[in-house]
Amino acid sequence: MVAILEAKNIVKVYPNGVVANKGVSISVEENTIHALVGENGSGKTTLMKVIFGIEKPQDGEVFFQGRKVQVKNPHDAIALGIGMVHQHFMLAPDLTVAENLVLGQEPLKNKFVLDTKKAQEITQEISEKYKLPVPPNKKIKDLPLGIKQRVEILKVLLRNAKLLILDEPTSVLTPQETEVLFQTLRELKKYGKTIIFISHKLKEIKEISDKVTVMRDGRIIDTRDANELSEHDISFLMVGRDISYERVSASEAIGEPLLKVNNISFTNEENSPVLKNISFEIKAGEIVGLAGIEGNGQNELVEILTGLRKADKGELFLKQENINNLSPRKLREKKICYIPADRMKNGVAEKTTLEENFIVDRYCQPPFSRGFRLNWKYIEKYSKELIRKFQILAHSSKATVDSLSGGNIQKVVVARELSADPKIIVADQPTRGIDVGSEELVHNLLIDARDKGSAVFLISANLDEIIKLSSKIMVIYQGEIVARFDKIDGIRDVDLGHYMLGLKRGEV
Amino acid sequence: MGPLLDSILSPAFGFAILRIMTPILFPTIGVAISSLAGSINIAMEGTMLMSAFTGVIVSYFTKNIYLALLAGILVGVTMGFVLGYFHLKLKADIILSAIALNMFASGFTIFMLFLIAKDKGTSISLRSLVFPDIHLPLIKEIPIIGEILSGHNLLTYVAILSIIFMYFLIYKTRLGLRIRAVGQNPDAAESVGIDVKRIKLYSLLISGFFGALGGLYLSMGYVSWFGRDMTAGRGFIAVAASNLGGHLPLGVFISSLFFGLINAISIYLAPLRLPSEFTHLIPYVTTIIALTFYSIRMTRKKKAYKGKI
Ligand SMILES: Nc1ncnc2c1ncn2[C@@H]1O[C@H](COP(=O)(O)OP(=O)(O)OP(=O)(O)O)[C@@H](O)[C@H]1O
Ligand SMILES: [Mg+2]
């Protein structure tokens, strides 16, 4: 096999002094699916950005199809035949699919005038060729995530990419969408394409990839054939220790109901009923998991629970106390904590420091402030403690959040929320985009909180996570709880899948 | 109220609306195009002043209206370029840079006026050429409609045609598509090899061009002289109008027409012996009210969108 891409001794130092790649060499064989795995902050995204010309390395060289190349910007990379699908989508929301696809190489009629018809033809053609149906005249903002990603992939294919880089493409997808993506990737392989695939989900890596490269702390640890490695081996290589995937034992100390949700209904601004008579309760020492395909009302439910939205009908109770319509601040004072699904939007202020992000919900209480003044000395000490305890990879507690890797940003949110001594924890996709080691850490922290008597409400698109942690499971479909499982032992993800897709209804 | 109603229902009032709309429509188009590219040009006030002044001076000294037009446009485009240089090259905040340019333009034009005309108020002593009025054949024969539509200054027609030009530019050309893409997601545009800064600069140059036409109309059509700060906030009303119109051609036209109407009303109210402070206030108060309604609507829309996710 010949290598299509070879990177040698890549060194990348960010302006803040972080050495993200410490002499990385990687070789990717033509026409393979090559997985890149590693802990949060191990330098995967950085390496890909170097190859794609977004970041300039301090040292090292890149060979593409046997020739040494200088990739100074994404334009050069595209010209060579390298395409990248970023973790956050690079699409203009108000433009149509066709317009987004041809952007940068628009077909023209008389030098200036856009050839809209041609653009649609091009879209149709490429989408048929690779069997990736998209609606050419729909605006991007009206499309679901899976289709947006498909547009991204088509964009890359349209530019004749031979090598496709996909940075955590599955972290925002449902299991069903992931399956569709994998069919696409296999199809692309038949067309002779090479794919670099970054993911934290070991099952997926086993399923789809031919080769696996493991990174740790800015270095490459090993590259192997995927079928030589078990999931276990991969996680061992990544974090250097064993990780348990066993279902955790149920808590012994189940107490009184802490959170009671009575008949919550919500109709959105467009008059469609998003939540229909949702009722459940969570006892102290319990983790209740909510499974469901994204967009079935989970967001609204979570926002109602955390005071970001008002329900049309129904009541919320913390023990005996009615907590309807309390402000988020009041809810936080009552020790209801929230790990939001979209960390960048609701979890952190990205331009501010870790310290500031840690104290946003508690800055006004002693010992964080004394009278009018913030006690920065204490805040720094406190932040360093959190960074250590939650194993956040940051070069200082005064680093801004946007200089952290995706998974480490998630840990900042988790650290703040779980350190608030919560009674109720609303954890919405708490491990999205974080590596297996950190995932285990977050899971253990949730279990610790549970054992200390917190009530945990876990919303996740990751069924393995739900099954592993929950004491009880509910399935939501089109705003209704369609199934409840009070005994978890022996439940498989496919069982839940039927309810999630609305194919089956249980006793509720 | 009788005489007022009579005059408002007369064709002359319709004519006045179009006339008054012209110096708002031009800068509104300018603001809209720059906003679509994601770098709003609020230096329209200053751009208009500089071009209005340049037009008068050049036409006075050369007696050549083409040269005046050319010079005015050149100065307007230069203002757009300077703003682009501050913002894109020196990475200064675009709003602050624009405010600086507005203040500079106000002071500079007064200073030059004093040097040339020895007058800090107006250039009445400097006779300016004006762009011709156009009488539309056929249309002018139609009763009422003819009276409203025909006989306007050349630049009024240019302004209305500019809406069509803007539509064509935004939706039918490559530059327009790129302007929209850059405004909506610069990273996306960059990732397909588009030079984001260049596109933003182009949009600022175009907005300078339209600001220039607005200024030239003021001093060489609307009136035939230059007066200190004669733009009287039109450049800022344009920012409001562009937002109200969603930065899109039809919306921009309708909102400019709306502000034209409000201004016309405030002028027609003047003979009613209301305090002039009050009638002068009307356009600005309306702007604030319109913007308030606009923001309420936008928040609603956003919420509706959020609910959909
Ligand atoms: N723009 C930046 N400025 C400064 N430091 C950065 C920047 N981007 C990343 N880093 C740092 O570089 C290191 C590697 O980050 P990178 O994003 O490559 O990690 P990753 O392997 O993709 O992690 P994840 O799985 O969490 O996405 C991290 O320590 C991160 O904090
Ligand atoms: Mg990453």
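Predicted model: local features only at pLDDT ≥ 70, side-chain atom pairs only at ≥ 80, totals over all residues.
Ligand 1 is surrounded by 20 residues, and the closest are A:Gly41, A:Lys44, A:Thr45, A:Thr46 and A:Ser403.

A:Ser42 belongs to the loop that runs between strand S3 (33-38) and helix H1 (44-52) of chain A. Is A:Ser42 buried or exposed? Its relative accessibility is 2%, and the limit for a buried residue is under 20%, so A:Ser42 counts as buried. Apart from residues up to four places away in sequence, A:Ser42 touches A:Ala20, A:Met215, A:Arg216, A:Asp217 and A:Gly218. The side chain of A:Ser42 also reaches the backbone oxygen of A:Glu39, at 2.6 Å. A:Lys276 is 234 residues from A:Ser42 in sequence, and the two C-alpha atoms are 44 Å apart in space.

The buried residues are A:Lys44, A:Thr46, A:Leu47, A:Met48, A:Val50, A:Ile51 and A:Phe52. Among them, A:Lys44 and A:Thr46 also belong to the residues closest to ligand 1. Just after the helix, A:Gly53 has a positive phi of about 85°.

**The contact between chains A and B**

How many residues does each chain give to the contact? Chain B gives 26 residues and chain A gives 31 residues. Between them the two chains bury about 2500 Å², with 57% of that area on carbon and sulfur atoms. On the side of chain B, the residues that lose the most area to chain A are B:Leu177, B:Gln184 and B:Val192, which together account for 23% of what that side buries.

The interface has 2 salt bridges. A:Glu106 and B:Arg178 form a salt bridge, with 2.8 Å between their closest N and O atoms. There are also 8 residue pairs in polar contact across the interface. On the side of chain B, the elements giving two or more residues are helix H7 (154-172), helix H8 (174-184), helix H9 (186-191) and helix H13 (276-308). By residue type, that side of chain B divides into 11 nonpolar, 6 polar and 9 charged residues.

**A buried alanine in chain B**

B:Ala264 is part of helix H12 (residues 249-269) of chain B. B:Ala264 counts as buried because its relative accessibility is 0%. Which residues does B:Ala264 contact, leaving aside its neighbours within four places in sequence? They are B:Phe13, B:Ile17 and B:Ile20. B:Ile20 is 244 residues from B:Ala264 along the chain, and their C-alpha atoms are separated by 6.8 Å.

Definitions and conventions
Residues numbered from 1 in each chain as written. Chains lettered and ligands numbered in written order. Heavy atoms only, no water. Helix = DSSP H or I, 4+ residues; strand = E, 2+ residues; numbered from the N terminus. Buried < 20%, exposed > 50% of the residue type's maximum accessible area, 1.4 Å probe, protein only. Contact = heavy atoms within 4.5 Å. Buried area = accessible area lost by both parts, 1.4 Å probe. Salt bridge = Lys/Arg side-chain N within 4 Å of Asp/Glu carboxyl O. Polar contact = N/O pair within 3.5 Å; in protein donor to acceptor, adjacent residues only side chain to side chain. Nonpolar A, V, L, I, M, F, W, Y, C, P; charged D, E, K, R; others polar. Near = heavy atom within 4 Å.
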